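Here is a short briefing on a structure. Please look it over before reading the points below.

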Amino acid sequence: MFFYTINKKCYLYLLIILKKYNFNKLFIKTTKMSRVISISNHKGGVGKTTSVVNLGAAFANLKKKVLLIDMDPQANMTVSLGIEESENNIYKALKGEQNLTPIKIYKNLDIIASTLDLSGAETELSAEAGREYIFGELLEPIRNNYDYIIIDCPPSLGLLTVNAFTASDEIFIPIQPHYLAIKGLTKILEVVNKIKKRLNRNLEITGVFVTMFDRRKILHKDIYETIITYFQDRVFRTQIRENIALAEAPSAGLDIFRYDAKSNGADDYTYLAKEIIRTDKKKNKNA
Ligand SMILES: Nc1ncnc2c1ncn2[C@@H]1O[C@H](COP(=O)(O)OP(=O)(O)O)[C@@H](O)[C@H]1O
Ligand SMILES: [Mg+2]
């Protein structure tokens with residue numbers, strides 16, 4: 001009984017001291033909190049790949065450690081960063097032939113490359129037990145080496161996208177302001193809800209942003225307002241403007257900062273990265 005009271009007292013003192021010195025914050029600083037984000041929209045050509053490449057580069061410029069993963073068999077992200085063909089790629093990893101092996105693009109920016117072979121992966125893996133978790137398992141050993149891991153999803157909601165969602169904490173949806181842009185989104189919301197229920201309870205759509213935006217067009221403004229009505233505070237305030245340099249940079253194998261650092265595209269992706277980093281701090285406070 002005596003020891004019990006002493007222990008209880010010690011415990012209470014310890015709690016007070018920890019609270020006083022804000023131990024939580026110290027702890028968070030020493031543990032790397034990676035954010036794994038899938039950028040997805042099953043509509044093609046909405047700016048997924050452009051956003052993964054340039055948001056990733058913006059984070060790297062802001063001294064965050066970044067890993068970009070090309071989950072699309074078209075391998076546009078890989079090629080956009082100047083890698084034509086790589087022995088180390090996501091396909092071989094998913095097939096169990098190698099670990100996920102990041103390729104260094106420059107300081108703070110690594111990628112996992114894709115290859116056209118990946119187009120066969122959905123059928124080849126469809127009979128595997130736990131097929132939805134294969135990518136998540138592969139990511140686990142390197143997950144905490146990075147601040148941000150961003151996955152470029154294919155324009156479909158098949159097994160590759162399901163693997164990306166199962167391994168992610170968050171989903172960002174880029175939307176091109178077209179007339180029917182919102183209508184098609186119910187499908188992705190359904191898939192996210194199912195995955196949340198069955199495979200990954202932590203998954204949330206935390207960000208929606210417009211791409212190829214033209215402030216002079218009334219239609220674009222109207223659609224932006226509709227997106228806000230629909231997704232409310234999950235819509236990022238940063239709008240990615242239509243910018244020719246963003247469309248040109250991939251042919252040089254460069255992100256926008258190395259291609260044209262003074263372009264609107266470079267500015268917009270920097271603003272977006274900063275807006276996301278601000279939500280980082282909120283997340284850490286809540287953790
Ligand atoms: N903000 C932008 N301004 C101008 N062109 C853009 C912009 N974002 C993307 N693009 C171009 O639009 C096309 C589709 O973009 P992409 O990122 O490949 O879309 P997705 O990955 O969703 O298919 C590409 O040719 C790309 O260069
Ligand atoms: Mg793409």
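Which residues does Leu272 touch, not counting residues up to four places away in sequence? Leu272 touches Leu55, Ala58, Phe209, Phe236, Thr238 and Ile240. Two residues are in contact if their C-beta atoms, placed from the backbone, lie within 7 Å.

This is a predicted model: local features need pLDDT of at least 70, side-chain atom pairs count only at pLDDT 80 or more, and totals for chains, interfaces and linings use all residues. Residues are numbered from 1 along each chain as its sequence is written, while chains are lettered from A and ligands numbered from 1 in the order in which they are written.

**Nonpolar core**
- The largest nonpolar core has 72 residues. Leu68, Ile150 and Leu272 have the most contacts inside it.
- Helix 3 provides the largest share of this core, seven residues.
- Such a core is a set of buried Ala, Val, Leu, Ile, Met, Phe, Trp, Tyr and Cys residues joined through C-beta atoms within 7 Å.
- A residue is buried if 20 or more other C-beta atoms lie within 10 Å of its own, exposed if 12 or fewer, and partly exposed in between, with C-beta atoms placed from the backbone.

**Ligand 1**
- There are 16 residues around ligand 1 (C-beta atom, placed from the backbone, within 6 Å). Gly47, Lys48, Thr49, Thr50 and Ala247 come nearest.
- Helix 3 (48-61) and helix 11 (244-248) each supply at least two residues of the shell. Helix 3 gives the most, with three residues.
- Helices (H or I, at least four residues) and strands (E, at least two) are DSSP runs, numbered from the N terminus.
- The shell divides into six nonpolar, eight polar and two charged residues. Ala, Val, Leu, Ile, Met, Phe, Trp, Tyr, Cys and Pro count as nonpolar, Asp, Glu, Lys and Arg as charged, and the others, Gly among them, as polar.

**Helix 9**
- Leu185, Ile188, Val192 and Ile195 are the buried residues of helix 9. They lie on the same side of helix 9 because they cover an arc of only 85° around the axis (taken from the directions from the helix axis to the C-beta atoms).
- These buried residues pack against helix 8 (159-167), strand 6 (170-175) and strand 7 (204-210).
- The face turned away from the buried side carries the exposed residues Thr186, Glu190, Asn193, Lys194, Lys197 and Arg198.

**Lys92**
- Lys92 is found in helix 5 (residues 90-94). Lys92 is partly exposed, with 19 other C-beta atoms within 10 Å.
- Leaving aside neighbours within four places in sequence, Lys92 is in contact with Glu97 and Gln98.
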